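Hello,

Here is the structure I promised to pass on.

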Amino acid sequence: MSETDDPRLRKSPLANLWRLKQYLYPYRFRLGALWTMVLLNIAAALSIPPVVGAAIDGPIADRDLDRLWAFAGLIAALGAADALLALTRRYFQTSTAMSIEADIRAALYEHLQRLHTGFHDRWQTGQLLARVTVDLGMIRRFFAGGLIFAISAVGMSTVILAQLFWIEWRLALLVAATAVPLFLIGRGFFKEFLPAARSEQDQSGEVSSAAEESALGIRAIKALGRGPLMAGRFDREADELRHRGVRKSLIASRSWSAFGAIASAGLGATLVVGAILVANGQLSLGQLTAFILLQLGLLWPIEAAGWVMAHGNEAMTAADRVYEVFDTEPDIRDRPGARTVDRSTVRGELAFEGVRYAYDDGTEVLRGVDLTVKPGETVAIAGKTGSGKTTLVSLPSRLNDPTGGRITLDGTDVRDLRLDGLRSVVTTAFEEATLFSMSVRENLALGRPDADERDVEEAVRIAQADFVHDLPYGLDTRIGEQGLSLSGGQRQRLALARAVVVKPAVLVLDDPLSALDVHTEELVEHALGQVLRDTTALVVVHRPSTVALADRVALLHGGRIEAVGGHSELLESSRAYGDVLAAEAEEVAA
Amino acid sequence: MSAHQHRHAAWRGRAEQADAERTSAELDDAEAIRELRSRSRRLLGSMMRPHRRSIALLVGILVVQNFATMAAPILVMYGIDHGIPAISERGDYSIIVGIAVAFSVTAALEYLCVRFYIAQSARVGNAMLYALRNRVFWKFQRLSIAFHERFTSGRVTARQSSDMESIREMTENGVDDLVLAAMNVVTITVVMLVIDPLLAAVSLLTFPLMLMLAKWFSRVSAIAYRKARETVAVLIVYFVESMGGIRAVQAYRREGRDREIFGRLNEDNRLAQAKGHQQNAIMSGGVRGIGHLATVVVLLFGGWQAMQGNTEIGVLTAFLLYMKRFFDPLNELVQFYNVLQSATAALEKLSGVLDERIEVPEPGEPERIERPRGELRFDEVTFYYREDEVVLPNLDLRIPGGQTIALVGATGAGKTTMAKLVSRFYDPRGGSIRLDGVDLRELTEADLRDNVVMITQENFLFNGTIAENIELGKPGASREEIVRAAEVVGAHEFIEALPEGYGTHVRKRGGRLSAGQRQLVVFARAFLADPRVLILDEATSSLDIPSERLVQRALRTILADRTAIIIAHRLSTVEIADRVVVLSEGLVTEDGPPAALVESGGNYAELHRRWEDSLV
């Protein structure tokens with residue numbers, strides 16, 4: 001499933017390919033030099049056949065061995081120049097194309113980083129991956145191969161035609177006439193091939209997505225024994241890809257075959273007409289030989305035209321797919337005139353004012369949340385599963401923006417603050433702890449790379465994450481997907497420690513203790529209590545035990561804050577609160 | 001100490017380097033390279049075998065096409081040597097007309113050949129790729145969790161995307177050019193030898209140079225392309241990981257550092273790729289140079305021969321044409337050589353995956369169990385992930401059919417490990433685990449999974465709707481069954497409240513749902529699977545109290561007639577167990593009904609007291 005914006009607003013594939021010129025700009029001198037070399041290369045290559053023709057007509061016909069040597073020397077020199085030029089230009093051509101590819105890839109990565117989480121939720125990683133690897137590869141191959149080939153083919157054909165006209169204009173006219181059917185077939189090819197290539201590339205992204213998802217979900221698949229089922233699904237995607245691949249090639253087979261045949265037919269016509277002209281004395285044998293030799297030079301460009309056009313088409317659809325991502329504006333970014341914030345000047349008063357949030361399918365999960373968290377205060381958010389707690393706490397650091405109302409930090413709308421500063425002042429720890437493939441230390445210092453040993457140690461202590469010292473390399477042990485695997489509880493403690501290291505003005509914790517056992521939870525709460533004493537905090541809770549961290553509890557119900565108060569106070573006053581957080585013992589005993 | 005360090009190198013710096021697949025990038029000993037080559041050739045052979053008839057047909061078409069193309073210079077020669085004199089001397093046009101007809105025939109033949117070839121080769125190529133994709137996917141599915149943890153999901157993805165793409169590119173471009181060029185070389189050589197053996201021998205003098213150049217390139221570029229396959233895999237691993245964790249990246253402003261690292265990997269990949277292509281550029285220049293050299297030699301020698309009257313000018317012209325025909329395809333082929341080398345490197349990688357030993361193999365002669373009672377037995381089970389850190393030293397435990405046991409213990413006590421052993425994510429290093437007296441290793445994968453289902457901590461949702469995700473528990477389940485499962489675990493209510501109900505798309509990894517909701521969906525999925533043995537590994541941690549209560553109630557019904565192993569730090573879930581087993585460092589320290597353990601005053605009693613305190 002690839003996500004496309006309003007098709008009316010989208011530019012044509014050709015326009016998108018043209019837009020890539022901005023990535024060519026830094027290499028304009030190299031490219032200029034390259035294209036010059038391409039032309040020189042053509043000139044060198046094309047200058048050889050006439051010399052050969054002249055050698056046959058001249059020294060060989062005259063039996064002049066010395067002059068033949070001279071001609072041979074000339075051909076050798078031209079040949080050497082041609083070879084050297086070919087080597088140099090190919091060398092730089094691929095290097096340049098690869099630099100361009102790498103540049104676009106880096107820019108795409110940077111853009112993806114800036115895109116809001118909603119975008120990433122919608123797009124399968126495999127589709128993004130296909131754009132970053134396969135599509136950019138196609139673009140690179142076009143710049144390194146197809147485009148150069150096209151330029152040289154056009155250049156070469158022009159020069160050859162000019163020479164042909166110079167030798168014998170009637171024959172040349174005959175050759176030029178073959179361009180008409182070539183053009184017509186080429187036009188039809190373009191129209192059909194482009195959508196076919198696009199659909200194949202899209203499907204290739206689907207196959208990558210299926211592969212990626214099955215790799216990530218391997219435990220869930222194995223736990224249920226659904227390997228064969230997943231293989232069946234993958235098979236369907238792969239089969240679809242096969243069909244689309246074949247369909248695309250069938251389109252190619254219809255056009256390319258004609259190209260070669262037309263070129264051959266042209267050669268035959270030249271020979272027949274040329275022979276007649278020679279017989280009538282209007283053309284010398286050497287001239288005809290040279291003419292045919294030259295015309296043979298046209299065979300390759302024509303036969304390869306289909307291939308070049310296919311490359312061009314693929315590059316266009318690739319550019320189209322890449323720009324689909326580039327053209328998605330990040331929903332969340334710095335407003336013009338956004339202010340910088342920094343830790344030292346923030347008091348930490350956080351206020352939600354009439355905050356609404358609707359998913360893009362229209363479901364409104366927050367319907368006017370009003371809540372003020374005073375500097376240094378800790379407020380717990382309670383609510384049923386799916387009541388929007390996680391959404392609510394994703395708003396202060398602008399991981400999402402509200403669809404209505406506003407959130408202020410010390411009275412300023414958070415959207416008027418620079419993102420970079422905001423996110424260092426407001427730090428969020430998620431329930432699902434994402435650890436990256438790097439050392440424990442680096443994972444902990446993620447939000448504050450300048451954290452020293454003491455900060456890290458303290459955070460480890462607060463989160464009861466002392467197990468890190470028992471890892472094979474202590475804090476230097478590599479964890480995450482490419483490293484040592486940790487249990488859910490261990491991961492969660494590290495995620496908590498990571499948030500604590502930042503020492504932010506506002507700490508947002510999304511059910512940070514859910515995977516901990518009671519004993520550890522108690523210890524963490526105790527230690528965390530000290531940190532929270534002078535930090536503004538918003539804590540999502542599921543358990544009465546976690547509520548102990550908070551000064552006040554806010555109940556999120558029906559998209560609003562229905563009640564705010566102390567735990568026992570709310571237990572008495574609010575039925576809904578009781579439903580959510582009443583002690584579970586009685587139920588179990590019942 | 002150093003041995004210790006060596007063993008753990010995996011967890012320091014780069015991920016594990018041990019498997020053959022990865023080190024091949026830096027291979028330099030000839031023996032290993034030969035092994036790698038033959039492995040990938042075997043793979044290629046096995047890919048082509050089912051299509052050998054089609055491939056033979058394709059080669060046949062190319063032979064015909066080759067002759068059609070080859071006819072042109074002969075016709076030209078014939079036209080010049082005989083057609084022209086016939087007209088000028090006798091006014092006889094019949095020869096030239098004959099040539100015109102012949103040209104039309106060859107053009108038509110060429111058209112048909114090319115058309116049929118492209119269509120047919122696309123069918124064969126895509127069918128081969130399709131089969132390979134499925135083979136690789138299935139292999140990855142069968143490889144153990146231990147393998148996946150080592151290999152990482154990014155690499156699994158890289159093998160199936162970027163490596164496949166390299167091979168696709170090869171099947172799509174230029175295999176015909178390769179075959180044609182080879183035939184070209186042969187036919188032209190033969191034709192030249194027939195026309196004028198001496199001149200032919202001289203023309204071919206440069207050919208050994210060509211071979212030397214090709215050999216050099218194939219040697220050096222194989223190294224470069226292997227390296228490039230690896231750098232792109234590392235790039236993909238990083239891309240997948242950092243995009244998967246984008247929320248954390250943004251929340252902790254890791255963008256800058258990520259860009260830096262990605263930039264470096266991007267650069268490594270660029271340099272590795274460029275290397276192969278630059279070597280290719282050298283070859284390309286070389287081939288052209290040799291081609292020109294050949295022209296000079298033919299012109300000189302042939303010209304001299306013509307002067308001596310030993311050969312005709314027409315013959316010389318034909319030779320010069322042939323030289324061009326000989327080298328032009330080779331010039332183009334050099335470009336394809338790139339693609340070929342890259343695909344070869346990719347094939348090497350994939351053949352490595354396909355040759356990977358399956359650590360949790362299927363039994364050769366499986367035992368069948370019909371309707372098992374669900375009795376589980378750990379017999380002297382030992383297990384470790386790393387040799388120096390034994391997780392289960394020697395575990396004996398019998399769980400009678402239908403019993404629900406709760407595993408309790410600190411992090412690292414071995415609870416999850418036990419669950420993974422019962423689900424056969426790993427096999428025990430010593431001892432055995434038996435279901436109704438049958439060693440798990442003797443069961444087929446399908447039998448095992450029908451009977452034993454684990455709900456893991458990760459609550460993984462697949463791309464698709466909620467209904468589809470629940471249906472995974474029992475493929476083909478009706479909507480009623482799905483709704484029923486959701487109702488039982490208490491997920492129905494929230495699902496119905498979503499705008500599209502069961503048809504709501506969960507988004508990537510279930511991003512549309514909250515953690516608790518995901519857990520409920522996973523629960524419904526497991527309920528639908530209806531296994532004899534159910535394992536819940538921390539499966540309720542994200543639930544709030546009302547949901548947990550519902551699940552609790554459901555569990556009593558669900559677990560009533562099944563064997564269950566529950567791992568939970570919330571004792572509320574433990575309460576429903578018939579029996580509690582307390583683990584400490586892989587050993588059973590307490591074992592008995594919950595009430596009895598509370599009374600006995602051991603560790604469990606202490607845990608229980610704390611938990612009760614926490615409820616207030």
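This is a predicted model: local features need pLDDT of at least 70, side-chain atom pairs count only at pLDDT 80 or more; totals for chains, interfaces and linings use all residues.

Residues are numbered from 1 along each chain as its sequence is written, and chains are lettered from A and ligands numbered from 1 in the order in which they are written.

The contact between the chains takes 155 residues from chain A and 159 residues from chain B (two residues are in contact if their C-beta atoms, placed from the backbone, lie within 7 Å). On the chain A side, helix 10 (residues 227–279) gives the most, with 31 residues; helices are DSSP runs of H or I, at least four residues, numbered from the N terminus.

Now to helix 16 of chain A, residues 488–502. Its 15 residues should span 21 Å at 1.5 Å a residue (1.5 Å times one less than the number of residues), and the end C-alpha atoms are 22 Å apart, which agrees. Of these 15 residues, 15 are buried, so helix 16 is largely enclosed by the rest of the structure. Buried means 20 or more other C-beta atoms within 10 Å of a residue's own, exposed 12 or fewer, and partly exposed in between, with C-beta atoms placed from the backbone. Just after this helix, K503(A) takes a positive phi of about 50°.

In chain B, G60(B) lies in helix 4 (residues 52–90). G60(B) is exposed, with 12 other C-beta atoms within 10 Å.

Best wishes

Conventions. Helices (H or I, at least four residues) and strands (E, at least two) are DSSP runs, numbered from the N terminus.
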